[in-house]
Amino acid sequence: MFRFENVSQEPLKDLTFTIEKNEKVILFGPSGAGKSTLLYLFNRLHDPETGRIEYKGKSIREHSVTNLRKNVGLVLQAPNLFPGTVLDNLKYGPSLFDEWDESQAKTLLEYVQLPTSYLDRDVNQLSGGEKQRVSLARTLANSPEVLLLDEPTSALDYRTAEEIEEVLEQLIDEQQLTMVMVTHDMNQAKRLGDRGLFIMDGNLQEDGRIPEMLENPKTKLLADFLHD
Amino acid sequence: MTPEISNQSLAFLVIFVIVPLTLSYYYQLGLSKSVIWSTIRGTLQLFAIGYLLTYLFDLPALIGIPIMVSIMIIVATFHARQKGKELPYAWPIIFVGLIAVEISVLSLWLITDMVQFRPSEVIPMSGMIIGNSMVAMGLALERMKSEFKENNGRLLAALSLGAEPKQASHLIVQRTLNAALIPNIDQLKTIGLVKLPGMMTGLILGGVEPVMAIKYQLVISLSIFSSVSLSAMFVTLAMYRFFFNKNKQLLETEEEIRSRS
């Protein structure tokens, strides 16, 4: 699906890896390692200083930027909802491509387990967890093939985080999505991921299966990181 | 009757300066120098303009008007530009914008016979249009910059969903225009009730009938309303694109924006 070849972009130094279709990849490492930067590269919100990124066998520069962004959906760390109602937010993406269909709204809310009565609700009236669900549904409205998640539960309390996790788990299986998620929560990584990329000091330090790599780290760096 | 303030009376204005000066001294505001300097500068500037206007009003309209209007537009451009220094092409955009606004408002005045093509009418009226447009453009630039900063996350969210920069900036443009128009809307609502507008006050003091003065005031107030809207819209729509690069990526630092061109 994705291929990174010697990609660098402050603070990332020299990354080479490939992500296959339907993989559930967890990006983890210390704060400031460049994990969010990496997600922005997938979605082309940033371009790398050097190196090459391929999506479906073609450089991402050869894809139309807007179509690439539609197909490689990104859920930002903060919900960043647009002012207006839940419905306004859900139809934002599809409307950009003239693809909005009113019947979608109900399904989208079902995906993120919110009642349909929420459609007309003003986003200012939502709780933190509800906002994050709407943000997720807004990205899903574009029917992406890849879902990039930047610490989607980091701002939420434990219980709400767990609920969102359940939503995600179900969604990714049902929709056959390829997922790349940044998280600091190793239990979450175990529950949602099947492959881990450990990034530290701008480099890819370890690439392995989850949960194996978390239980038996190969490098001392990862062992120390998990120990802390 | 044309009222006149004698030079002796004018000299007593010094009293009005002594008040802030005393305050500054008593509370150690450190503003004494600024108070004196701004008073002297303001006085000299006004007298100079007074003499210049007297001279220009005597010139044929086709010479006096273009000279003074050009000076006003140039000064206004450099003043408004201060608010958008880090943006590329700020001054040409403001310059063209001011010319466009002035030409459209002036043509409407002349075509509908609201204002005669005489320096004594066109110059002061244009001054109000250009001055207010200058403030509106400066405010719009500042507001736009702060909205871009404040809505960084929303802009990224919009882009990440596949929005074109224009679509992603829609909210920013909306808020900037809103902020530019609201003070004018409020002003129009209370016009004459809270304070008499300066121009009307001037005309009444000059001996013009209040109803006649109101007619002029209406022309100028509504013209300002429309030129302020035009100005804010013009700079906002011309400038939002400088916050993005050609790959539809949001530029987040001043350096990135400055080096965009």
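Reply: The largest pocket holds about 540 Å³ of space. This is a predicted model, in which local features need pLDDT of at least 70 and side-chain atom pairs count only at pLDDT 80 or more, while totals for chains, interfaces and linings use all residues. Residues are numbered from 1 along each chain as its sequence is written, chains are lettered from A and ligands numbered from 1 in the order in which they are written, and side-chain values use heavy atoms, with hydrogens and water left out.

Me: How is a pocket found, and which residues lie nearest the centre of the largest pocket?

Reply: Rolling a probe the size of a water molecule over the atoms shows where empty space is left. A pocket is an open set of points on a 1 Å grid over the protein atoms alone, with protein on both sides within 12 Å along at least five of seven lines; lining residues have an atom within 4 Å of a point. The volume is the space filled by probe spheres set on the points, which are joined across faces, edges and corners. Here 25 residues line the largest pocket, and N132(B), N184(B), Q187(B), S221(B) and I224(B) lie nearest its centre. Helix 9 of chain B gives the most to this lining, with 7 residues (helices are DSSP runs of H or I, at least four residues, numbered from the N terminus).

Me: What is the lining of the second largest pocket made of, by class?

Reply: Ala, Val, Leu, Ile, Met, Phe, Trp, Tyr, Cys and Pro count as nonpolar, Asp, Glu, Lys and Arg as charged, and the others, Gly among them, as polar. In the second largest pocket, the lining divides into 7 nonpolar, 3 polar and 1 charged residues. Its space is about 440 Å³, and helix 6 of chain B provides the largest share of the lining, 5 residues.

Me: Is N247(B) buried or exposed?

Reply: Buried means under 20% relative accessible area, exposed over 50%, and partly exposed in between, with a 1.4 Å probe and protein chains only. N247(B) is buried because its relative accessible area is 16%. This residue lies in the loop between helix 11 and helix 12 (254–258) of chain B.

Me: Where is L31(B) placed, and is it buried or partly exposed?

Reply: L31(B) sits in the loop between helix 2 (14–26) and helix 3 (32–58) of chain B. With a relative accessible area of 42%, L31(B) is partly exposed.

Definitions and conventions
Helix = DSSP H or I, 4+ residues; strand = E, 2+ residues; numbered from the N terminus. 1 Å grid on protein atoms, 1.4 Å probe; cavity = no way out; pocket = protein on both sides within 12 Å on 5 of 7 lines; lining within 4 Å.
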